[in-house]
Amino acid sequence: MPLSRRKAIVSTSSLVGAALLLPDAEARGQGPAATAPTSPPLADLVSVSDFEPLAEQRLSEISRALVKGGAADEITIRWNREAFDQIKLRTRVLVDVSTIDTGLDLLGLRLPFPILLAPTAYHAMIHPGGEAETARGAGKAGALFVVSSATNTRIADIAKTAGGPLWFQLYVQSDRRFVADVVHEVESAGCRALVLTVDAPVVGARYRQMRAKFKLSPGLKLPYMDDVNKGRDSLLRGGNTRMTWADVEWLRSVTKLPVLLKGILDPDDAERAVAAGVDGIIVSNHGGRMLDTAPATISALPAVTERVAGRIPVLVDGGVRRGTDILKARAYGAAAVLVGRPYLHGLAVAGADGVARVVAILRDELEQAMALAGRPTLTAIDRSVIWNAS
Ligand SMILES: Cc1cc2nc3c(=O)[nH]c(=O)nc-3n(C[C@H](O)[C@H](O)[C@H](O)COP(=O)(O)O)c2cc1C
């Protein structure tokens, strides 16, 4: 597959959006930065890491802290990356790699590549177009977008701009009737699966955000965060604190959509999830934003996929920044990966085009890595791709 496709997907001239202000953002510290510097053409941004410094220049102090921040000392964020970097890859030569196929079937969908956009909160703090802009970018790239419960935009408005499939991530609220209504609303809007986040009974120690005095820009809404809207989100009082395996059963009883659990690291929880009849697992430490010093996700992944043994798909997120990371995740049994901060950086730099460009870079890098490792299809990627696989 030629590596030039990214040029076709992303117009290099349309550096739209990021220079705009949120309509009601105050000059100090909220929403996109007041005076956004110009960026180089998107074609000159060759690696997803090229987006981060540009995004940081364009975001306000508060939005920078939102995107960059993790829990406490941010050790898990660092480990997520270091663990990927420490894995060595094995190359096999003289394999015909003239055709690279990254397509896969996932929970009733045919996807062109195993890269999803992870659910992330408050896109209107990053770009005036909010989640609708992200969905447009996902559509341009052909990527599945998992919309967060902490979206600033209602799902019907996101669905209008989405050219590709949507899943919806749920935070369970104290009022279960409210949650059931949300489920029905996202079903009607065409979401194809629900992702229940289970690693956030309380919010992690977000010191970077606290130091920046994080708050939502005035006028921004959180239509699906009933507890926050009703002041029930403080530590140990929100609906998530009481969530147990019984709620997983309850959720399955109110929807026919596939349900995935996001935030599993322990193989015993993975086994329990299979027993509870869920349709998929996302191995995640919430991008290092919940329990600091929880392990890197790529380190936790092998034991989970071994235990699940193919009964349901296992996905992984946390620190994925390279095509080689995706190859490593596949080698350890992940069906697909999700990325969080990289596409938020793309969104900050160039709106939908930036999101699409980030995905296109990762996709091209994956194809390149598969060719160089001598694995032309996703199913040809197994643990033998890892140099010292145990
Ligand atoms: C700014 C930000 C907001 C996030 N909001 C949510 C959220 O609302 N729900 C959720 O399940 N995960 C949320 N996450 C976690 C992501 O879904 C994902 O697990 C993580 O970003 C993956 O790590 P990465 O950023 O290193 O790619 C958020 C992450 C970031 C960076």
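A: Let's start with what counts as a contact: two residues are in contact if their C-beta atoms, placed from the backbone, lie within 7 Å. This is a predicted model, so local features need pLDDT of at least 70 and side-chain atom pairs count only at pLDDT 80 or more, while totals for chains, interfaces and linings use all residues. Numbering starts from 1 along each chain, following the sequence as written.

The part I'd pick is tryptophan 79. Leaving out residues up to four places away in sequence, tryptophan 79 touches Pro295 and Ala296. Tryptophan 79 belongs to helix α4, which covers residues 75-86. Helices here are DSSP runs of H or I with at least four residues, strands are runs of E with at least two, and both are numbered from the N terminus. Why does tryptophan 79 count as buried? Because it has 22 C-beta neighbours inside 10 Å, and the cut-offs are 20 or more other C-beta atoms within 10 Å for buried, 12 or fewer for exposed, and in between for partly exposed, again with C-beta atoms placed from the backbone.

Pro295 turns up again in the surroundings of leucine 265. Neighbours within four places in sequence aside, leucine 265 contacts Val283, Asn285, Ala294, Pro295 and Ala300. You'll find leucine 265 in the loop between β7 (259-264) and α11 (267-275), and it is buried, with 21 other C-beta atoms within 10 Å. From leucine 265 to isoleucine 282 is 17 residues in sequence and 8.7 Å in space, C-alpha to C-alpha.

Now step back along the chain from α4. The loop between α3 and α4 holds alanine 72, which has a positive phi of about 50 degrees despite not being a glycine. Most residues other than glycine have a negative phi. Alanine 72 is partly exposed, with 17 other C-beta atoms within 10 Å. Helix α3 itself (residues 61-68) is mostly covered, with six of its eight residues buried: Ile62, Ser63, Arg64, Ala65, Leu66 and Val67. Their cover includes α2, α8 (207-211) and α14.

Two of those covering helices also pack on each other. Helix α2 (residues 51-58) and helix α14 (residues 341-373) meet at an angle of about 110 degrees, their axes 7 Å apart. The axes are lines fitted to C-alpha atoms over the stretch in contact, and the angles run from 0 to 180 degrees between N-to-C directions. That makes α2 and α14 roughly perpendicular to each other; the label covers 65 to 115 degrees, with under 35 roughly parallel, over 145 roughly antiparallel and the rest oblique. On the α2 side you have Phe51, Glu52, Leu54, Ala55 and Arg58, facing Pro342, His345, Gly346, Ala348, Val349, Gly354 and Val358 of α14. By type, that contact splits into seven nonpolar, three polar and two charged residues, where Ala, Val, Leu, Ile, Met, Phe, Trp, Tyr, Cys and Pro are nonpolar, Asp, Glu, Lys and Arg charged, and the others, Gly among them, polar.

Tyrosine 122 lies in the loop between β3 (115-117) and α5 (130-141), and it is buried, with 22 other C-beta atoms within 10 Å. Elsewhere, leucine 220 in the loop between α8 and α9 (226-229) touches Ala124 and Asn152, not counting residues up to four places away in sequence.

As for the chain overall, it has 14 helices and ten strands, and 54% of its 390 residues count as buried. Of the contacts with a separation of 6 or more, 74% join residues 24 or more positions apart. Mean pLDDT (the predictor's confidence in each residue, from 0 to 100) is 91, and 89% of residues reach 70 or more. Residues 1-29 stay under 50. Where pLDDT is low, the predicted coordinates should not be read in detail.
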